[in-house]
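Dear colleague,

I am passing on the structure below, and after it I set out what turned up when I went through it. Please read the notes alongside the coordinates.

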Amino acid sequence: MNEHRERLLAAVRSGQAILILGAGASMAMTGGATTANWVGLIKHGIKAAASDEDWAAMQHMTLEYALNKSDVSGLIGVASQIAAKLRSRSPQTYADWLRDSVGSLRARHTNLAHALASLGLPLLTTNYDDLMEKALRLPSVSWTDPEAMRSVFRYESKAIGHLHGIWNSPESVIFSESDYARLLGDDRGQFVQQAHYSTKSFIYVGFGGGLHDPNFSRLISRHSTMFPESRGDHFRLCLESEMSELEDAHGSHDIRVLSYGSDHSELAEFIDKLAEEIGSESDANRDRLTFAREAILDQIRAETVVGSHIEETADCELADITVAPVILPVPHEQFASMQNYDDDLRPRRIDAEESYSKDKLVILAGEELSGITTALRWIVAKAAFERPGSAPIFVDGRRCHLTKKPLDQQVRQEAILRRIVDHKKAALPDHVVAIDNLVPDDSNNYYNIINDIRESRARFIVVGVKIGDEHQLFGDLKDNHLAPEIVYLGKLGRSEIDLLARIVAPKRSSFITDAVQDALKREHLPRNPFTVSLLVCLFAQLGEASKHSSETAVLDDYVNLLLGRNGSALLDARYALDPQNRQVVLSALAKVFVRQRKGALAQDEAVKCIQEYFTSVSWKEDPIRTLETFREIRVLRVTNGVVQFQQSSYLHLFAAKAAIDDSEFLAELLADSVFYAPIIRHYAALLRSDSRVVEHVGSLLQVLPSAAPSGRIFGKFEKTKAPDELGGLFQGPVPDEDPDGPDEVGPSVGSDSEAVEEYDYSDDADMVPFPLEDLSKLSPTLRRIRAVDLASRVLRDSDQLANLDLKLRVLKQVLLHWGIALDSLEKDGVFEEPARSMVDSLVEQGDVRENKAEEMTSRIAMFIPTFVIFSGLSACLTSRKLLLLHDDLINDPAFRQDDYGMAMAAMFAFDIQEKNWTKMLPDLIATHGHRWIVSEFLGMLATITFRTSELSSYDEENLKIFLRERVARRYTFDSEQDKKTRIAKYEQDLTRSRVLNRKQRLPQGSSVMESITSQPD
């Protein structure tokens, strides 16, 4: 017995042992759950599959006989009957049973899992459950992926290896006779299993009769035949009471039996004692390795932006403080442009785990400030954890100084710093290396680094470079007989944003994710870890009150975080530039950019501007160091002697701040207000009460020409015969009756297609700071839209202005000009060709009949510009702070007669949906219901809102009146009685639709835009 224990300890110490877990391990973790063992699972399966009592009785009888006779083939026969019954109903039925029986298991005791993990051995199991994975937060692999299983056997992966499959992958589960045939016929999988059984010691834990199944029987039999003189290479742990029987059973095998105690509860303690005995002899080495790994984690913890929102980061794992980098096979722009390629040509996103799972040399290329350093730290940390006994080493290529072995010297210095070795000449243990900021050039130092990479004994190396440098590095490495792999750092998408939001504020993650995405798109901010993390923290701090904040307020809060982020929690303004000081310096610099109408300045000129400001306020500060600080905190960019604001929105914001303190500068901006629109709208939002800028935008609209409605959108329609079904979402402007019934609508895009990997292909490139086109040469329609966009934003954000007459006058002008812009946009015909192309494509696909194409083209050509204007009004104007002024307008008898004004006022009401927002609708349909925009477009919005939004009884009734009157005015009927009957049925259908949607309703006050986007395709 002692000999067996010593042999087991020796195998574990030498890294030559593998743990194989049976059902007993799952029984121990679940506290004896019935489906945690095979017999209990079969009994559960009989009940689930039974179609009649006779069949169930027969299976139970066969099961009892097989158990009494220890007949494994009999058990498998019953399992085969169950599998056949369930699969005959549908593959999903079988999958659902596995989920309900095995997938629902929960670990009540995890001490055994942690004890087993403490041995540091590969963990494989014959169980179908994922209890170990959940307890240890590890991934799963199964026999269906031989390479992944090979990595587990070879200590290269910490995943739990499933020898007989896992419940959430039903095709991998080995349950029936045909399943065992598949497993035994898998030559690669059997070879991997047999090869490691011959070279390593298997330690069986928690096995009853499991070693008699076809897979293990053949494995053990083959090994016994090939190595008949083996002296106990494998071990089986059991109860004291089982010792005698099992020793007899394994007498002819090379499996030695060890008792862990007299009770199942003693197993975890037995494993813990083994771990203690093994650890006592290698504590020094383990301490060095632990320190090195903790050091790289500490660097990530210290640098993570979200760390300030986590109470304690010291014990946080990677997944608790950051997200995996997004890895692509080609640069983002190329990746996005190739998504329309055929499947065999379209590139796929690379699983981040693939970047470090194999021993190789990887080149990671990314844009400036894309998060390469963070990604490299993450990859090298994960690479080390994947390779037991390997230490992670992170070096900065800029610190590889002029020596014959610059990289090797830096790696050793880092190893000493991280206590991996004691001195430079000490042999390095197994290690993995990340090299940051390597810049290819023609210097001897660079080629010495390449030579060091070639001679390195690191098991894995990843090198970070800027995009554009990767191909030279690849060529130079290849010339040195290396085989590097190039991958690219992608941009964070919604899933990564959501993960970060869950780290910071789990209960508000959905709101934070939406808010971050909106800010990124609106301000064209880069989707890198730093920016996204900072925004996540910002919205976590602001809370849901930020929903009602202006875009300028959110941007200002974000920039203030940047200005205060330089490594110090607080800055003493007596001895350094504090955030307020930095702001005024940047405002002075922004003023120079604006006056020159440039997006960039020469570095010397920028330094001169900063020095001039310091002189004007008599500050003894270094302008060069200040410029470098602005670059470090990511407000400015300095590239090849040229200075730019990191984002155009920063330039606009700081210019607006400059205008607050400089009336002359403000006058310059207002003199060309459309050109400087982004700056002026920030100015208005910062002050919130400046009547000069509101007066100015009002005069800007006043000089624009007015015109009566003349297009189809504001035109009158001819009544047509009511269709058979009045409950459609909307009917066309000239809806001819189709005797063959409505067009069949094709499947929604992606409804049945293969799910595309999640990745945000959108471009986050910054916009140019100033318009490139000659604004005087824009069409009258576009000039009007730019003017009304500016006026809307200025009015909305001047919410503290007390001059109500001025605000009312400008609001009236804004609504009128949104309407005129819509009429003009349609008449310009810019959407006719896109609408026609869209319909032609639908006709070609067979989704629309050819005789309906012209009608549908007409509908689309009117709906697109109307929705564009509605979206613009929603983005630029709607605000609760304008509701009372809105009410004053719609109560004005003269305004109520205006087609433009009332239609746009209705859009405002639909978008904001404040309580009693529908009060204008009955009068609107009575006065303007003959116009297409009211009957069709607003009718569509009203139908969607009625079906999906939470409404007060008052608003529900007004919507009903609007929709009922819309139908009555829109169609002709056979008789008055027919009209009453048809409309009554229409109202019933509406009410039924509302009831059916009650579980999916949006909260009261949700905008109609949210209602539209919540609709199924």
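**Cores and packing**

The largest nonpolar core has 159 residues, and among these Phe645, Tyr650, Leu877, Met904, Ile933, Phe937 and Leu938 touch the most other members. A nonpolar core is here a set of buried Ala, Val, Leu, Ile, Met, Phe, Trp, Tyr and Cys residues joined through side-chain atoms within 4.5 Å, where buried means under 20% relative accessible area, exposed over 50% and partly exposed in between, with a 1.4 Å probe and protein chains only. Another core, of 62 residues, lies apart from it and includes Leu9, Val102, Ala115 and Tyr260. As background, nonpolar side chains in soluble globular proteins tend to be buried together.

Please keep in mind that this is a predicted model, in which local features need a pLDDT of at least 70 and side-chain atom pairs count only at pLDDT 80 or more, while totals for chains, interfaces and linings use all residues. Residues are numbered from 1 along each chain as its sequence is written, and side-chain values use heavy atoms, with hydrogens and water left out.

Tyrosine 650, leaving aside residues up to four places away in sequence, touches Leu525, Leu555, Tyr558, Val559, Leu562, Arg634, Val635 and Phe645, a contact being heavy atoms within 4.5 Å.

**Overall figures and confidence**

The protein has 44 helices and 18 strands, taken as DSSP runs (helices H or I of at least four residues, strands E of at least two) and numbered from the N terminus. Of its 1017 residues, 52% count as buried, and residues 24 or more positions apart account for 72% of the contacts with a separation of 6 or more.

The average pLDDT (the predictor's confidence in each residue, from 0 to 100) is 86, and 89% of the residues score at least 70. Confidence is highest in helix α30 (residues 663–671), at a mean of 97, and lowest in helix α44 (residues 1008–1013), at 51. Two stretches stay under 50: residues 280–284, with one contact beyond four places in sequence, and residues 565–572, with 12 such contacts. Where pLDDT is low, the predicted coordinates should not be read in detail.

**Helices**

Helix α31 (residues 677–687) is largely enclosed by the rest of the structure, because eight of its 11 residues are buried, namely Ala677, Ile679, Ile680, Arg681, His682, Tyr683, Ala684 and Ala685. Their cover includes α25 (551–563), α26 (579–595), α29 (648–660), α30, α32 (691–702) and α33 (780–797). Just after α31, arginine 688 takes a positive phi of about 70 degrees.

Helix α23 (residues 509–523) packs against helix α24 (residues 529–542) at an angle of about 125 degrees, with the axes 9 Å apart; axes are lines fitted to C-alpha atoms, for helices over the stretch in contact, and angles run from 0 to 180 degrees between N-to-C directions. That angle makes α23 oblique to α24, since angles under 35 degrees count as roughly parallel, over 145 as roughly antiparallel, 65 to 115 as roughly perpendicular and the rest as oblique. The residues in contact include Phe511, Ile512 and Ala515 of α23 and Thr531, Val532 and Leu535 of α24.

**Two single residues**

Serine 101, in helix α6 (residues 91–103), counts as buried at 2% relative accessibility, and touches Thr35, Leu41 and His44, not counting residues up to four places away in sequence. Glycine 493, in the loop between β13 (485–489) and α22 (494–504), also counts as buried, at 5% relative accessibility.

Best regards
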